[in-house]
Amino acid sequence: MPATAFHPRILAPYPLPPACPPLSPASGLKVGYYADNDKCPRAEEIVREVVEKATAGEKAGLIRLFFHDCFVEGCDGSVLLSGTDTERTAVPNLSLRGFELIEEAKAKVEKHCIVSCADIVAFAGRDASYNLSYGRINYRVPAGRYDGKVSRANDTFQNLPPPFGDLALTTAIFAAKGLNQNEMVVLSGAHSIGRSACSSFPDRLPPAANSSTAMEPKLAGQLTATCSAGSSVNVPQDAVTPDRLDNQYYKNVMSRDVLFNSDASLTTSSQTEDLVEFYAGNLPFLGGKFLGPLAWYHDFEDAMVKMGYIGVKTSAEGEIRKTCASINMP
């Protein structure tokens with residue numbers, strides 16, 4: 001069922017972002033954009049080399065960086081801009097990682113040619129996905145993005161799905177970006193990697209009594225002990241395969257071994273729960289044990305490409321920054 005068929009109940013005062021659907025390929029994005037006419041044939045290779053030497057945590061950060069960039073102002077590198085009250089300073093983005101890697105890739109690429117920071121973020125997200133999935137996720141990235149000139153901290157709160165959100169809220173936020181509910185479930189699988197501060201899930205500890213989505217008691221007990229050291233303590237989002245981008249996330253959802261309410265809420269609808277079961281490999285039909293995980297890798301590739309079309313800037317709206325952390329001087 002497409003997201004437009006849902007009528008979510010949104011709890012005030014949490015506002016929804018304005019509709020910002022992905023643009024069509026007519027936006028100017030093109031696979032092989034930098035290879036055409038020898039514009040910059042080594043651009044993707046150089047970015048890949050930088051990503052390959054990063055730590056698993058940094059690679060997880062690069063995937064998250066792409067997501068946070070695209071959901072606020074579109075895929076335009078606005079999350080990279082530094083300064084007072086920019087997206088980087090907002091609470092949801094304080095734990096973002098990978099900025100130094102993007103700047104390193106930009107500096108190395110610029111020795112040969114000109115590539116937008118927004119495209120480097122998109123390439124890096126793909127390459128990090130490839131590395132953390134051990135080659136199971138690999139897709140071609142349409143490129144040709146321009147870098148945005150606007151970055152506001154307040155825009156993050158109404159555009160990024162919060163960890164405490166229920167299924168209706170998370171679905172609605174994705175729908176506002178042109179991503180349907182199935183694609184929301186697919187992209188949520190990125191929570192198979194990375195770490196989260198204890199401050200991100202206080203609503204989950206202690207687990208609510210008589211709730212079908214409450215955190216599994218053993219995990220809740222472990223996290224309660226760990227988080228007693230302070231809200232800034234970081235814990236893995238997936239304790240089973242913390243550095244592997246795989247379908248373990250969906251198994252964790254079914255066993256209630258997830259940190260966020262937004263993840264746990266995927267079992268509150270038969271449609272989303274069935275998809276979680278499928279990706280977890282729990283369905284017996286048609287070799288579901290094997291087909292589901294394989295399908296998730298493919299669906300994740302498609303969803304990442306589609307997300308990369310959100311809010312793409314034109315040459316009139318954007319620029320190609322000389323450094324990713326600041327707009328060009330007039």
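Let me begin with a question: does Cys-113 count as buried or exposed, and at what relative accessibility? Cys-113 counts as buried, at 10% relative accessibility; buried means under 20% relative accessible area and exposed over 50%, with partly exposed in between, using a 1.4 Å probe and protein chains only.

Some notes on the source. This is a predicted model, in which local features need pLDDT of at least 70, side-chain atom pairs count only at pLDDT 80 or more, and totals for chains, interfaces and linings use all residues. Residues are numbered from 1 along each chain as its sequence is written, and side-chain values use heavy atoms, with hydrogens and water left out.

A disulfide is taken here as a pair of cysteine sulfur atoms within 2.5 Å, and by this rule there are four. Counting bonded cysteines along the chain, the pattern is 1-4, 2-3, 5-8, 6-7.

Cys-113 is joined to Cys-40, with an S to S distance of 1.6 Å. Cys-40 is also buried, at a relative accessible area of 4%.

Next, Cys-117 and Cys-324 form a disulfide with sulfur atoms 2.2 Å apart. The torsion about their S-S bond is about -95°, so this disulfide is left-handed. Both partners are buried, Cys-117 at 0% and Cys-324 at 1%.

Finally, a disulfide joins Cys-198 to Cys-227, S to S 2.0 Å. This link of Cys-198 and Cys-227 is left-handed, with -80° about the S-S bond. Cys-198 is buried at 7% relative accessibility, and Cys-227 is buried at 16%.
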